[in-house]
Amino acid sequence: MSINIPSFILALIAFAILYLLLNKYAFGPLFSIMEKRRELVLQQMNEAAQTREQAVAYVEEQKQALEAARKEAYEIIEQSKQTSSKQADLLMAQAKEEAARIKDDAVREIASEKNKAVQELRSEVGAVSVKIASKLLEKEVSSDSVQEELVDQYLKEVGGRP
(Lines give C-alpha, C1' and ligand atoms only; values in the text may rest on other atoms or scores of the structure.)
Protein backbone atom coordinates (compact mmCIF):
# COMPACT_ATOMS: atom_id res chain seq x y z
CA MET A 1 0.00 0.00 0.00
CA SER A 2 1.34 3.26 -0.84
CA ILE A 3 0.28 6.59 0.47
CA ASN A 4 0.09 9.32 -1.94
CA ILE A 5 1.39 12.39 -0.13
CA PRO A 6 0.03 15.06 -2.45
CA SER A 7 -3.48 13.63 -2.25
CA PHE A 8 -3.07 13.28 1.52
CA ILE A 9 -2.12 16.96 1.82
CA LEU A 10 -4.92 17.92 -0.52
CA ALA A 11 -7.37 15.89 1.59
CA LEU A 12 -5.99 17.50 4.74
CA ILE A 13 -6.37 21.00 3.26
CA ALA A 14 -9.91 20.16 2.12
CA PHE A 15 -10.72 18.85 5.57
CA ALA A 16 -9.35 22.04 7.19
CA ILE A 17 -11.34 24.25 4.81
CA LEU A 18 -14.48 22.16 5.42
CA TYR A 19 -13.89 22.37 9.16
CA LEU A 20 -13.49 26.17 9.03
CA LEU A 21 -16.59 26.56 6.88
CA LEU A 22 -18.63 24.24 9.10
CA ASN A 23 -17.31 25.98 12.20
CA LYS A 24 -18.28 29.39 10.81
CA TYR A 25 -21.59 28.54 9.21
CA ALA A 26 -22.83 25.33 10.83
CA PHE A 27 -21.21 24.65 14.19
CA GLY A 28 -21.57 28.25 15.44
CA PRO A 29 -25.32 28.46 14.83
CA LEU A 30 -25.78 24.85 15.93
CA PHE A 31 -23.90 25.43 19.18
CA SER A 32 -25.77 28.70 19.60
CA ILE A 33 -29.10 26.90 19.23
CA MET A 34 -27.97 24.20 21.65
CA GLU A 35 -26.86 26.87 24.16
CA LYS A 36 -30.22 28.63 23.83
CA ARG A 37 -31.96 25.31 24.31
CA ARG A 38 -29.86 24.60 27.41
CA GLU A 39 -30.69 28.07 28.81
CA LEU A 40 -34.38 27.54 28.05
CA VAL A 41 -34.35 24.17 29.84
CA LEU A 42 -32.56 25.74 32.84
CA GLN A 43 -35.05 28.60 32.87
CA GLN A 44 -37.99 26.16 32.72
CA MET A 45 -36.46 24.11 35.52
CA ASN A 46 -36.06 27.28 37.64
CA GLU A 47 -39.66 28.29 36.87
CA ALA A 48 -40.83 24.79 37.76
CA ALA A 49 -38.94 24.97 41.06
CA GLN A 50 -40.47 28.37 41.79
CA THR A 51 -43.91 27.10 40.85
CA ARG A 52 -43.40 24.06 43.09
CA GLU A 53 -42.35 26.34 45.97
CA GLN A 54 -45.37 28.57 45.35
CA ALA A 55 -47.62 25.52 45.26
CA VAL A 56 -46.16 24.25 48.53
CA ALA A 57 -46.62 27.70 50.08
CA TYR A 58 -50.18 27.84 48.73
CA VAL A 59 -50.98 24.38 50.09
CA GLU A 60 -49.55 25.37 53.47
CA GLU A 61 -51.59 28.57 53.40
CA GLN A 62 -54.72 26.56 52.54
CA LYS A 63 -53.99 24.16 55.41
CA GLN A 64 -53.69 27.08 57.80
CA ALA A 65 -56.90 28.62 56.44
CA LEU A 66 -58.68 25.29 56.81
CA GLU A 67 -57.37 24.88 60.36
CA ALA A 68 -58.49 28.43 61.18
CA ALA A 69 -61.94 27.68 59.72
CA ARG A 70 -62.18 24.49 61.78
CA LYS A 71 -61.14 26.36 64.90
CA GLU A 72 -63.67 29.10 64.21
CA ALA A 73 -66.40 26.50 63.60
CA TYR A 74 -65.50 24.79 66.87
CA GLU A 75 -65.65 28.13 68.70
CA ILE A 76 -69.02 28.90 67.12
CA ILE A 77 -70.33 25.50 68.20
CA GLU A 78 -69.02 25.99 71.74
CA GLN A 79 -70.50 29.48 71.86
CA SER A 80 -73.83 28.11 70.63
CA LYS A 81 -73.75 25.45 73.33
CA GLN A 82 -73.05 28.06 75.99
CA THR A 83 -75.76 30.35 74.64
CA SER A 84 -78.31 27.54 74.55
CA SER A 85 -77.33 26.52 78.07
CA LYS A 86 -77.74 30.10 79.29
CA GLN A 87 -81.09 30.36 77.54
CA ALA A 88 -82.23 27.08 79.07
CA ASP A 89 -81.16 28.32 82.51
CA LEU A 90 -82.94 31.62 81.90
CA LEU A 91 -86.11 29.83 80.79
CA MET A 92 -85.96 27.59 83.85
CA ALA A 93 -85.52 30.62 86.12
CA GLN A 94 -88.44 32.38 84.42
CA ALA A 95 -90.59 29.27 84.76
CA LYS A 96 -89.74 29.01 88.46
CA GLU A 97 -90.55 32.70 88.97
CA GLU A 98 -93.85 32.27 87.12
CA ALA A 99 -94.69 29.20 89.20
CA ALA A 100 -93.87 31.10 92.40
CA ARG A 101 -96.01 34.03 91.26
CA ILE A 102 -98.92 31.75 90.40
CA LYS A 103 -98.55 30.02 93.78
CA ASP A 104 -98.47 33.36 95.60
CA ASP A 105 -101.55 34.51 93.67
CA ALA A 106 -103.32 31.27 94.57
CA VAL A 107 -102.37 31.66 98.26
CA ARG A 108 -103.66 35.26 98.24
CA GLU A 109 -106.86 34.20 96.50
CA ILE A 110 -107.35 31.39 99.02
CA ALA A 111 -106.77 33.84 101.89
CA SER A 112 -109.21 36.28 100.30
CA GLU A 113 -111.84 33.57 99.88
CA LYS A 114 -111.22 32.49 103.46
CA ASN A 115 -111.72 36.06 104.68
CA LYS A 116 -114.93 36.31 102.63
CA ALA A 117 -116.14 33.03 104.13
CA VAL A 118 -115.30 34.25 107.63
CA GLN A 119 -117.18 37.52 106.97
CA GLU A 120 -120.18 35.61 105.66
CA LEU A 121 -119.99 33.31 108.65
CA ARG A 122 -119.85 36.30 110.99
CA SER A 123 -122.84 37.87 109.31
CA GLU A 124 -124.68 34.58 109.63
CA VAL A 125 -123.58 34.38 113.26
CA GLY A 126 -124.99 37.87 113.72
CA ALA A 127 -128.27 36.77 112.20
CA VAL A 128 -128.31 33.67 114.36
CA SER A 129 -127.54 35.74 117.43
CA VAL A 130 -130.48 37.99 116.57
CA LYS A 131 -132.66 34.91 116.35
CA ILE A 132 -131.30 33.73 119.70
CA ALA A 133 -132.01 37.10 121.16
CA SER A 134 -135.54 37.04 119.83
CA LYS A 135 -136.06 33.55 121.24
CA LEU A 136 -134.71 34.73 124.56
CA LEU A 137 -137.13 37.59 124.49
CA GLU A 138 -139.91 35.19 123.73
CA LYS A 139 -138.97 33.31 126.89
CA GLU A 140 -139.31 36.54 128.77
CA VAL A 141 -136.06 36.87 130.50
CA SER A 142 -136.50 39.00 133.51
CA SER A 143 -133.36 41.07 133.51
CA ASP A 144 -131.56 42.85 130.65
CA SER A 145 -128.14 42.03 132.07
CA VAL A 146 -128.87 38.29 131.90
CA GLN A 147 -129.88 38.69 128.26
CA GLU A 148 -126.67 40.58 127.40
CA GLU A 149 -124.55 37.99 129.16
CA LEU A 150 -126.16 35.20 127.19
CA VAL A 151 -125.56 37.01 123.86
CA ASP A 152 -121.92 37.82 124.75
CA GLN A 153 -121.28 34.27 125.87
CA TYR A 154 -122.73 32.91 122.65
CA LEU A 155 -120.64 35.28 120.51
CA LYS A 156 -117.47 34.31 122.35
CA GLU A 157 -118.16 30.67 121.80
CA VAL A 158 -118.76 31.13 118.07
CA GLY A 159 -115.70 33.34 117.69
CA GLY A 160 -117.45 36.52 116.81
CA ARG A 161 -117.03 39.88 118.43
CA PRO A 162 -115.48 40.33 121.89
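The points below go from the whole chain to single groups of side chains.

1. Basis of the note. This is a predicted model, in which local features need pLDDT of at least 70 and side-chain atom pairs count only at pLDDT 80 or more, while totals for chains, interfaces and linings use all residues. Residues are numbered from 1 along each chain as its sequence is written, and side-chain values use heavy atoms, with hydrogens and water left out.

2. The chain as a whole. The chain has two helices and zero strands; helices (H or I, at least four residues) and strands (E, at least two) are DSSP runs, numbered from the N terminus. Helix H1 covers residues 5–138. Of the 162 residues of the chain, 4% count as buried. Here buried means under 20% relative accessible area, exposed means over 50%, and partly exposed lies in between (1.4 Å probe, protein chains only). The accessible surface of the chain is about 14,600 Å², and 61% of this belongs to carbon and sulfur atoms. Such areas come from the Shrake-Rupley method with a 1.4 Å probe; for residues, only the protein chains shown count as cover.

3. A nonpolar surface patch. Which residues form a nonpolar patch on the surface? They are Ile3, Ile5, Phe8, Ile9, Leu12, Ile13, Ile17, Leu21 and Tyr25, with about 970 Å² of accessible area together. A patch is made of residues with over 30% relative accessible area and no salt bridge, where like charges are joined within 9 Å and nonpolar side chains (Val, Leu, Ile, Met, Phe, Trp, Tyr) within 5 Å. One of its members, Ile17, lies in helix H1 and is partly exposed, with a relative accessible area of 47%.

4. Aromatic pairs. A pair of aromatic rings is described by the distance of the centres and the angle of the planes. The whole structure holds two aromatic pairs. Rings of Phe, Tyr and Trp (its six-membered ring) pair if their centres lie within 6.5 Å; planes under 30 degrees apart count as stacked, over 60 as edge-to-face and the rest as tilted. Why is the pair of Tyr19 and Phe27 tilted? The ring centres of Tyr19 and Phe27 are 6.2 Å apart and the planes stand at 55°, so this pair is tilted. Phe27 and Phe31 form a stacked pair, with 6.0 Å centre to centre and 25° between the planes. Phe27 and Phe31 are four residues apart in helix H1 and therefore separated by about one helical turn. Tyr19 is partly exposed at 44% relative accessible area, and Phe27 is partly exposed at 26%.

5. Side chains of opposite charge can pair when their charged atoms come close. The structure holds six salt bridges, a salt bridge being a side-chain nitrogen of Lys or Arg within 4 Å of a carboxyl oxygen of Asp or Glu. One of them joins Glu35 and Arg38 at 2.5 Å, N to O. Both residues lie in helix H1, three residues apart, about one turn of the helix. Glu35 is partly exposed at 33%, as is Arg38 at 43%.

6. Arg101 meets Glu98 in a salt bridge of 2.3 Å, N to O; the two lie three residues apart in helix H1. Arg101 also forms a salt bridge with Asp105, the closest N and O atoms being 2.9 Å apart. Asp105 and Arg101 are four residues apart in helix H1, so about one helical turn separates them. Through shared partners, salt bridges join Glu98, Arg101, Asp105 and Arg108 into one network. Relative accessibility is 40% for Arg101, 35% for Glu98 and 29% for Asp105.
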